[in-house]
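User: I'd like to learn how to read a model like this one. Can we go through it feature by feature?

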Amino acid sequence: MVPQEKLTPQEAFFLRRVTEFWKDQDFVLVKKQIIDFLASHETSNIHNNLYALMGDILYKESDYANALATYNKISDPAVIEKTVSRKAQCLYLAGKYDEVIQTLTPVLQEEEKLDYREELQFILADSLFRKMRETTDGEGQKELASRAKPLLLVLYKTPYQDKVLLPLAEIHRELKEPKDAAPLYLMLADKMPLQKEELLLQ
């Protein structure tokens with residue numbers, strides 16, 4: 001956020017008012033107010049904050065493409081950091097796995113105390129896994145599997161366990177680790193009876 005002392009009285013007042021509308025969950029009014037303000041103030045100290053608010057509203061409305069386009073307009077590093085979680089989710093839901101990997105890899109390496117860390121680890125791990133399945137390059141598959149494996153192993157001991165069972169089993173198989181893959185496939189067979197035969201074959 002921009003420090004209060006750097007705001008004009010008009011910017012400070014507008015930001016307070018639009019934040020109150022946000023708290024009241026009057027998102028239609030918030031969007032209209034932001035659009036009007038951006039149109040009438042081509043340069044302003046609060047553009048980045050307004051883009052963040054607008055992106056969050058569009059995300060809540062499941063308009064991921066426009067949310068992503070809005071987040072991409074943010075240039076302030078502090079605001080970018082605050083919105084990285086939602087932006088990564090938009091990229092993930094849009095199937096832009098390369099961009100998820102580029103966005104989250106440095107963030108998770110640098111930030112130890114990160115909000116929603118497990119969620120972001122899952123998004124990155126699953127993006128690496130999905131990218132591995134898409135590629136036909138054997139060495140590329142192994143490299144992606146090796147990057148995803150430590151993330152999935154950490155998540156296996158969290159509430160994300162059920163979500164990482166299949167990716168982790170497949171990655172152990174890709175890395176020629178049958179002793180690690182086998183018990184996971186057995187667990188999956190119990191949880192997914194319709195695919196039990198196929199999973200037991202693995």
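Analyst: Asn48 has 15% relative accessibility, so Asn48 counts as buried. Of the 202 residues of the chain, 44% are buried. Keep in mind that this is a predicted model, where local features need pLDDT of at least 70 and side-chain atom pairs count only at pLDDT 80 or more, while totals for chains, interfaces and linings use all residues. Residues are numbered from 1 along each chain as its sequence is written, and side-chain values use heavy atoms, with hydrogens and water left out.

User: What is the average pLDDT of the chain?

Analyst: pLDDT is the predictor's confidence in each residue, from 0 to 100. The chain averages 85, and 89% of the residues score at least 70. Over residues 1-5, pLDDT stays under 50.

User: Which residues is Asn48 in contact with, leaving aside neighbours within four places in sequence?

Analyst: Contact means heavy atoms within 4.5 Å. By that rule, Asn48 touches Lys73, Ile74, Ser75, Asp76 and Val79. Asn48 itself lies in helix H3 (residues 47-60).

User: How many helices and strands does the chain have?

Analyst: Helices (H or I, at least four residues) and strands (E, at least two) are DSSP runs, numbered from the N terminus. Here there are 11 helices and zero strands.

User: At what angle do H8 and H9 pack?

Analyst: Axes are lines fitted to C-alpha atoms, for helices over the stretch in contact, and angles run from 0 to 180 degrees between N-to-C directions. Helix H8 (residues 138-155) and helix H9 (residues 161-174) pack at about 145°, with axes 9 Å apart. Residues making the contact include Ala145 and Leu152 of H8, and Val164 and Leu168 of H9.

User: And aromatic pairs, how many are there?

Analyst: A pair of aromatic rings is described by the distance of the centres and the angle of the planes. Rings of Phe, Tyr and Trp (its six-membered ring) pair if their centres lie within 6.5 Å; planes under 30 degrees apart count as stacked, over 60 as edge-to-face and the rest as tilted. The whole structure has five aromatic pairs. One of them joins Tyr92 and Tyr97, edge-to-face, at 6.2 Å centre to centre with 65° between the planes. Tyr92 is buried at 16% relative accessible area, and Tyr97 is buried at 13%.

Note on methods. Buried means under 20% relative accessible area, exposed over 50%, partly exposed in between (1.4 Å probe, protein chains only).
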